[in-house]
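Please look over the sequence and the model shown here before reading the briefing that follows.

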Amino acid sequence: MLRGKRTPFLVYSLEELEASYRRIRDHFQYEDFLQLIPLKTNPLPPLLRAAFSMGMGADVCSVEEMNLAISQGCRRELISFTGIGLNESEMDEIAFEGIGALHLDSVQELEMWCRKWPGTGIGIRLNLDTRIDERCGCIYVGAESKMGIKPPDFPAVERIIKDSGCRLVGLHCHLAPFAKSSLEYIRRIESLIERCPSFMFDEIEYFNAGGGWPALMREGGSWDPRELAEGLEKICKEISSRANRSVQLRIEPGEHLLASCGAMISEVRVVKDIPGEERRILILDALLPPIECPLHKEPSIPLSVLGRKRQEFENYEYAIYGRNNTARDYITKSWRAPRLFPGDTISIGMCGAYVGVLISRFNWREPPEQWVITKEGRVVSEEDG
Ligand SMILES: Cc1ncc(COP(=O)(O)O)c(C=O)c1O
C-alpha cells in the first residue's frame, strides 16, 4: 500500500492504537476512570479522532492544542488543560470554551483566574517533591523546578480559593518520568498525597496522575502494569475516603500509549566500515528529533528489513544513524541483520510518540510525510477527513 512513497515517512496504525489503549484500560478495575491522550505526543488528526471515538479525553497544554482537540471532535468536558505561564487572554479563551478541567500552575495564575471567574471549579498542578531530578540539564521536579505549585504556596492557594468562592475540584501531578520503577512512581504519588493539606480534599472530584510511563512495560519487570494500576487505584480510594465521595482517576500516558503505534520507513543511503571492527555503520535517510524521545531511551528499538535489492545470507552487525550532520540521530549501536546495500528499506519501530511532532528543520530538511493505516486497512494522509 505504501510502496512507492518517498522515504523517509512515518506510518501509524489505528489498530495498534486501539490495542495499546485496551492493554492499558484492561489493567484498571477502578470504576470511575478516564484516560486522556496527550496531544503533545502525537497531534495527528486521524489519530486523535480515533482516540476520541474510543472514549479517550484530551490532555492539552496550550490554547492551540485545546482548539485542535475541539476541532477533531473531543467533547469539551473531556478536555483537560495543564499549561504553564498562561496569560489573561489565554484564560479568556479557555473559559470561553468551557472545557472540563484546567490545572493552574502558579499562585499568580490562580489569583488571576479566581478574580475573573469567582465561584468556578478549578484544578491545580502540584509539585511536592523535595529532591531535584535533573535530566539533560533540565530540572523537572523539586524546589527549583518551574513546574507546579509547591508547599510554601499552599496557604495562599487556600486563601484565594476561599475568598473567591471557587472550588478546588482537581489535583494533578506528573511525576513518573523521574521514577525508575512503577513502585517508585506509586511511592512518590503516595507521599505527595500524604503531604496535601486537608482543604485540598474538601471539593475534590478527580485526581490526575499524569503520564511518564515508559514505552514498554511487562509484568514482573521494573515497570509492572498491574502493580502500577493497582497502586493508582489504591491511591484514588484513599483520596475518595479522605474526601468522603468517589473521586475519578485520570491518567495521561503519552509515550506508553503511542510509541508502539508508529514506525519510520527509511532507506539505506550508505554503508561504512568501522576500522578494526566487524561492525559496520549504516546511514539511513531517517529524520529523527534532536531532543530526547523514546527512540533514545529504549534499549532495543524494533528494526526490520522491508525490502532488499540483493538477497545475501551472511549476517552483519550494524550501528545505525540518520543522515543529519549530528551524531545525536543514532538509532542503535548494534543491530544484527542480513547484508544490506544502499537503496534497501528499513522499518524503525517505536516512532509513534514524539517523533513526528519533534522533528525539526535542522539541515533545512523537509519533515517526513505521515500516513495512517485505518482499521479497515485504508491509507489516509494526515490531512484526510
Ligand atoms: C502534563 C503532562 N501530561 C502527560 C504527559 C505525557 O508524558 P509521557 O509521554 O511521558 O507519558 C506530559 C509530557 O510532558 C505532560 O507534561
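**Strands, helices and ligand shell**

Strand β3 (residues 57-60) runs parallel to strand β4 (residues 79-82), and 3 bridges join the two; strands pair if DSSP finds at least two bridges between them. Helices (H or I, at least four residues) and strands (E, at least two) are DSSP runs, numbered from the N terminus. This is a predicted model, in which local features need pLDDT of at least 70 and side-chain atom pairs count only at pLDDT 80 or more, while totals for chains, interfaces and linings use all residues. Residues are numbered from 1 along each chain as its sequence is written.

**Barrel**

- In the order β2-β3-β4-β5-β6-β9-β10-β11, 8 strands close into a barrel with parallel pairing.
- Neighbouring strands of this sheet are turned by 30 degrees against each other on average, direction ignored.
- Opposite S80 in β4 stands D59.

**Helices**

- Helix α3 (residues 63-71) lies across β3 and β4 and runs at about 165 degrees to β3, where axes are lines fitted to C-alpha atoms, for helices over the stretch in contact, and angles run from 0 to 180 degrees between N-to-C directions.
- Helix α5 (residues 107-116) packs against helix α6 (residues 154-164) at an angle of about 5 degrees, with their axes 10 Å apart.
- α5 is therefore roughly parallel to α6, a term for angles under 35 degrees.
- V107, L110, E111, C114 and R115 in α5 meet A156, V157, I160, I161 and S164 in α6, contact meaning that C-beta atoms, placed from the backbone, lie within 7 Å.

**Ligand**

- The ligand is surrounded by 16 residues, of which P38, T82, G211, G254 and E255 are the closest; a residue is near a molecule if its C-beta atom, placed from the backbone, lies within 6 Å of it.

Terms used:
Contact = placed C-beta atoms within 7 Å. Parallel < 35°, antiparallel > 145°, perpendicular 65-115°, else oblique.
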